[in-house]
Amino acid sequence: MITLYDCATAPSPRRARILLAEKGVAHETVQVDLRSGAQLAEAFRRINPQCTVPALQTEEGVVLTDNAAIAAYVEARWPEPALLGTSPLEKAQIASWNWRVEFEGLLAIAEALRNASPGMINRALPGPRNYPQIPELAQRGLVRVQDFFDMLNERLAERDFIATDSFSIADITAVVAVDFARVVKIKPGEQHPHLQRWRAAMAGRPSMSL
């Protein structure tokens with residue numbers, strides 16, 4: 001059985017949890033307490049030298065250390081339901097929107113959080129090495145998150161899903177990003193009716209409670 005190295009309070013492993021739930025993949029879970037710094041301990045470094053979660057240990061014993069690799073493996077190993085697209089065009093559209101949500105959404109939120117939180121001094125970037133905070137990046141991140149919400153709202157004006165006409169990994173990433181934005185005190189407002197409608201619809205999927 002595969003093993004997911006997880007952290008119940010972090011956004012990145014939540015993406016993997018939702019993916020596995022949507023696929024119906026049975027797996028074991030090992031919690032890694034990021035708040036106590038367990039990801040930096042020698043025991044976890046032996047599993048993932050990048051000191052990040054999620055990490056997925058496959059049945060072959062190989063450890064995949066990022067969401068892109070985990071999604072590629074899970075989609076190939078359990079192709080139904082297809083969440084990365086079926087046709088060449090769908091695959092391209094989903095990959096493009098998933099990347100955009102990561103870059104414009106998740107990274108912007110992380111930029112705002114990690115460069116301002118007192119609990120993340122010298123932890124402005126994840127991984128084994130310490131990096132100092134840059135307050136200007138926190139302010140820029142907040143502006144980027146607002147722009148991200150506006151972009152998603154416009155994208156969803158006449159559609160039910162982010163990338164194509166069906167649910168995909170881009171929707172998973174976007175749900176996690178929208179929910180994660182609460183840590184920097186930003187959430188969809190009345191100026192985002194399409195985004196709010198989409199998020200309410202996503203809440204009907206059991207995987208989204210994970």
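At 52% relative accessibility, Asp 160 counts as exposed, a class that takes in residues over 50% relative accessible area, while buried means under 20% and partly exposed is in between (1.4 Å probe, protein chains only). The model described here is predicted, so local features need pLDDT of at least 70 and side-chain atom pairs count only at pLDDT 80 or more, whereas totals for chains, interfaces and linings use all residues. Residues are numbered from 1 along each chain as its sequence is written, and side-chain values use heavy atoms, with hydrogens and water left out.

Asp 160 has a charged partner: its side chain meets that of Arg 197 in a salt bridge, at 3.6 Å from N to O. The term stands for a side-chain nitrogen of Lys or Arg within 4 Å of a carboxyl oxygen of Asp or Glu. This pair links distant parts of the chain, with Arg 197 in helix α7 and Asp 160 in the loop between α5 and α6, 37 residues apart. Helices (H or I, at least four residues) and strands (E, at least two) are DSSP runs, numbered from the N terminus. Arg 197 itself is partly exposed, at 33% relative accessibility.

The whole structure holds 11 salt bridges. Glu 111 takes part in one with Arg 140, at 2.5 Å from N to O; Arg 140 belongs to helix α5 and Glu 111 to helix α4, 29 residues apart. Glu 111 also forms a salt bridge with Arg 144, where the closest N and O atoms are 3.4 Å apart. Because Glu 111 lies in helix α4 and Arg 144 in helix α5, this second pair ties together parts that are 33 residues apart in sequence. Glu 111 is buried at 12% relative accessibility, and Arg 144 is buried at 19%, but Arg 140 is partly exposed at 46%. Elsewhere, Arg 14, Asp 179 and Arg 199 are linked in a network of salt bridges.

Helix α6 (residues 169–180) has 12 residues and reaches 16 Å from its first C-alpha to its last. That is close to the expected 16 Å, where the expected span is 1.5 Å times one less than the number of residues. How enclosed is α6 by the rest of the structure? It is largely enclosed, because 12 of its 12 residues are buried.

The largest nonpolar core has 48 residues, and Leu 56, Val 74, Phe 149, Leu 152, Ile 162 and Trp 198 have the most contacts inside it. Such a core is a set of buried Ala, Val, Leu, Ile, Met, Phe, Trp, Tyr and Cys residues joined through side-chain atoms within 4.5 Å. Helix α6 gives the most to this core, with nine residues.

Val 101 lies in helix α4 and is buried, with a relative accessible area of 0%. Not counting residues up to four places away in sequence, Val 101 touches Leu 106, Phe 148, Thr 173, Ala 174 and Ala 177, contact meaning heavy atoms within 4.5 Å. The C-alpha atoms of Val 101 and Leu 152 are separated by 8.8 Å, although these residues are 51 residues apart along the chain.

Leu 107 is also found in helix α4, but at 48% relative accessibility it counts as partly exposed.
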